[in-house]
Amino acid sequence: EDNKKESRGALVVLEGLDRSGKSSQCSRLVSYLEGHGVSAELWRFPDRTTDVGQMISAYLTNTSQLDDHTIHLLFSANRWEKRSLMETKLKTGTTLIVDRYSYSGVAFSAAKGLDIQWCKAPEIGLLAADLVAYLDISPEKASERGGYGGERYEKLDFQKKVAESFKVLHDASWKVVDACQPIEDVEKQLQEIVLNCVTECRKGKPLSLLWS
Ligand code: TMP
Ligand code: MG
């Protein structure tokens, strides 16, 4: 139908350090949007359900070892394999709330010392987020939150480097939300920011591509 065709969904990405609260906020956002009559889905990267995703998962749980460049490209491939479905969903009016995306991809690999331009290159041509909401928390505070789960990158020293690379990547279009506030306050701020973005996309803001 014409109406449906006219209003596309929004590509909303939540980024932040491990334990910044992204996952809970993502599911809360999806419920909130659905409650407001917005068709929405929760996505996450890495998507561990695919073959590539299982290789990534094995690496993160330390059951496999991979060269830093190799794992970087696998994370990217994991986004590429979802790209066409992502575009279809957005164009047919579904808003996607995505728990991590290319920004984590670059920030985590750059934190290992890989060149940032090299890290961005395989992301070129993926859909750019309409909104990046960054859940801001210090590495120290994040590490105090119920401890890390034991995956490869969940170590304070490394998270400090990731925080630094997020600072380099960050641009004026990102919405920074203080993740140390009570969970309901973070939720309220996100709801407002995201609903604005959904409205803009409905009005016809065009989709754009990385790396822009
Ligand atoms: P998760 O905890 O959100 O499942 O993500 C697993 C880890 O993978 C997390 O420490 C962030 C890291 N990561 C990358 O290094 N590159 C990427 O492209 C993505 C999406 C996540
Ligand atoms: Mg994790």
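1. Basis. Local features need pLDDT of at least 70 and side-chain atom pairs count only at pLDDT 80 or more, while totals for chains, interfaces and linings use all residues of this predicted model. Residues are numbered from 1 along each chain as its sequence is written, with chains lettered from A and ligands numbered from 1 in the order in which they are written.

2. Overall fold. The protein has nine helices and five strands (DSSP runs, H or I of at least four residues for helices and E of at least two for strands, numbered from the N terminus). Along the sequence the pattern reads α-β-α-β-α-α-β-α-α-β-α-α-β-α. The radius of gyration is 17 Å, close to the 17 Å from the globule rule for 212 residues, so the protein is as compact as a globular protein of that length. That radius is taken over C-alpha atoms, and the rule is 2.2 Å times the number of residues to the power 0.38. The C-alpha atoms fill a box of roughly 50 × 35 × 30 Å along the principal axes.

3. Helices 4 and 5. The axes of helix 4 (residues 68–91) and helix 5 (residues 102–110) come within 10 Å and cross at roughly 175°. Axes are lines fitted to C-alpha atoms over the stretch in contact, with angles from 0 to 180 degrees between N-to-C directions. Helix 4 is therefore roughly antiparallel to helix 5 (over 145 degrees). Helix 4 contributes Asp68, His72, Phe75, Ser76 and Arg79; helix 5 contributes Ser102, Gly105 and Ser109 (contact: C-beta atoms, placed from the backbone, within 7 Å).

4. Backbone features. Phe45 and Pro46 are joined by a cis peptide bond, omega about 0°. Pro46 sits in the loop between strand 2 (40–44) and helix 3 (51–60). Another cis peptide bond joins Leu210 and Trp211, omega about 10°. Trp211 falls in the segment after helix 9 (183–202). Arg19, in the loop between strand 1 (11–16) and helix 2 (22–35), has a positive phi near 75°.

Key:
Angles under 35 degrees count as roughly parallel, over 145 as roughly antiparallel, 65 to 115 as roughly perpendicular and the rest as oblique. Two residues are in contact if their C-beta atoms, placed from the backbone, lie within 7 Å.
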